[in-house]
Amino acid sequence: MISVNSVTKRFGERVAVNNVSFTVETGEIMGFLGPNGAGKTTTMRIITGYMPPTEGSVRVNDMDVFEHPYEVKRIIGYMPEHPPLYLEMTVKEYLRFAAELRGLRGQRIKEAIDRVVELCGISHVFNRLVGNLSKGYRQRVGLAQALVHDPEVLVLDEPTVGLDPRQIVEIRQLIKDLGKDKTVILSTHILQEVTTICDSVTIINNGKVVASDKIENLSRRFAEKLSILIRVRRPEVIDIDKIRAIEGVENVQWSDEKSLRVYLSADVDIRERLAGEIFSMSAGLLEFRTETPGLEDIFIKVVTEELNVT
Amino acid sequence: MKQFWPLFKKELRTYFTSPIFYIVGAVFLALTGYFFINSIINYSRMGIQLSGSGNPIENFNPTTVVMKPLFNTMGTIFILLTPLITMRLMAEEKKARTMELLMTSPVSITAIVAAKYLAAWIIYSIVILSTLYMPFVINYYSSVVWTQIFTGYLGVLLLGASMMAVGLFCSSLTDKQIIAAVLTIGILVIFWFIGGVLGSASEELTRIMRGLSLFAHFDALTDGLFDLRDIVYLLSFSIVALFITHRVIDMSRWKG
Ligand SMILES: Nc1ncnc2c1ncn2[C@@H]1O[C@H](COP(=O)(O)OP(=O)(O)OP(=O)(O)O)[C@@H](O)[C@H]1O
Ligand SMILES: [Mg+2]
């Protein structure tokens, strides 16, 4: 479990992280979103004990990161934004060093290395110099390094950057599997990644948390944007004013030649009436689909709203 | 000292797998070898001249005439070679961002400093002790005063302890190796020549400056004088430099 409590980090005058709080439970994968420079990397560096916060505290499995640095670091696996690689080592030497640094000894090192090499799919580059690997493979070695001591808590800063599409699918599945019994924080700019593998999401902007919840709760909270997409064969016979007149319809717009988007107010379910109305116009109904706001809509909404406020 | 061994092994391996160690060793052996042959030739010439004049000169023996200046030469050469051994130590970890791996692993800063420092000093010592053939060659043809050879090498090794500490300190200040190198040479030059060439007008001040000088304490040891104060000075110099290095690394965590 990770709990971040009112963490603030200043670099001189610049406030990189501003009073940030959130919790990630064991067995939960949290997606950490935010525009460039929002403070994701800085927050993760504070969680992993790389740098101290200016104010606030972080607890990992109920231990304060700065009071028990060694105990906490032993159970965290961190994959930084730039994989921390020694280019002059072979993959084997590097992983052995990473395992020893985390306190593994003897036979356990070999077992641990065998396991992550298999997990991250790097067995065929095992004896090559890290410096000679392609970007995607370096990224995988960086991930292997974070997993080698089988940590209970994983902090991954943009883990799938630079991977090819097939690798992305593999690594996402790997993270999803790991997340079943670990605590995982994962930052990314790919919203689809969050919807496919994360249980919850925290969105940060300008150093402040602007949304933090389970994904389905977030969607529900933003359900005021609920809309219905209607596609018809004969758009010319549609009487927009008649649809506007239906109680519970907020707005109606043509989204393209043949499709109509009807925005609804959240509390009334008028799908039946709406469908009846269209039907009576005999416009040739082709499609009738409820649209819930995607993470993308939510992201853009909270981030731009925040911008408007400041 | 958490995880000292893996860090220490890694540093040593990095030295042995990179060309820099071999280059430093080769340059050092070539230079000292050249000076060695030169002073042997000089020594025998002077010996022939002196034997003609008939009156023996005090301290005219190969240990004092050949080895002592060589110890000084070794120290002077290492003012320039030290940064080649040390500039990488911290600067490279920062540049390659591997600091993030070290500082998020259960590793203490003390272990990092100690591992890097000891590895550098061992590399230095290997290079220095590779000149041990010299006293044996002399002893084969003539004879050496082994106690003076011993204190001489002790002096060079302790001097190296101080020089490596300065180098490590400079490397912790920056992520650019070249800056670390220039700083190291600057600081070493000051502590080498202070009280000597860099003397001052006042007699009293010069004495104080000599007390601070690395060279003065080292010089006494190469004379075969085993004075605990010199040893304590050279050791304290290293410890202070290492302590400051530890502080610098600790403080720089706040800046990220
Ligand atoms: N070491 C540092 N010194 C000074 N400012 C810093 C430092 N690290 C980060 N910052 C600043 O803090 C802010 C947050 O940076 P951070 O790297 O955490 O953003 P991010 O959310 O990870 O962005 P990205 O999506 O681009 O990776 C930025 O304005 C950045 O310039
Ligand atoms: Mg970042």
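An oxygen atom of ligand 1 lies 3.0 Å from a side-chain N or O atom of R14(A) in this predicted model, a polar contact (a pair of N or O atoms within 3.5 Å). Local features need pLDDT of at least 70 and side-chain atom pairs pLDDT 80 or more, while totals for chains, interfaces and linings use all residues; side-chain values use heavy atoms, without hydrogens and water. Residues are numbered from 1 along each chain as written, with chains lettered from A and ligands numbered from 1 in the order written.

**Ligand 1: contacts and cover**
- The side chain of T41(A) places an N or O atom 2.6 Å from an oxygen atom of ligand 1.
- A polar backbone atom of K255(B) is 2.8 Å from a nitrogen atom of ligand 1.
- Of the 630 Å² of accessible area that ligand 1 has on its own, the protein covers 71% (Shrake-Rupley method, 1.4 Å probe).

**Ligand 1: shell**
- The shell holds 15 residues, with K40(A), T41(A), T42(A), E81(A) and K255(B) the closest (a heavy atom within 4 Å).
- Because residues of chains A and B surround ligand 1, the site is shared between chains.
- Helix α1(A) gives the largest share of the shell, 3 residues (helices are DSSP runs of H or I, at least four residues).

**Magnesium ion (ligand 2)**
- T41(A) (OG1) and E81(A) (OE) coordinate the ion at 1.9 to 2.4 Å (donors are N, O and S atoms within 2.8 Å of the metal, or 3.2 Å for Na, K and Ca; water is not among the atoms, so sites may look incomplete).
- T41(A) sits in helix α1 of chain A and E81(A) in the loop between β6 (76–79) and α3 (91–101), 40 residues apart.
- T41(A) is buried at 18% relative accessible area, whereas E81(A) is partly exposed at 33% (buried is under 20%, exposed over 50%, partly exposed in between; 1.4 Å probe, protein chains only).

Note on methods
A polar contact is a pair of N or O atoms within 3.5 Å; within protein, one must be able to donate a hydrogen and the other to accept it, and residues adjacent in sequence count only if both atoms are side-chain atoms. Helices (H or I, at least four residues) and strands (E, at least two) are DSSP runs, numbered from the N terminus.
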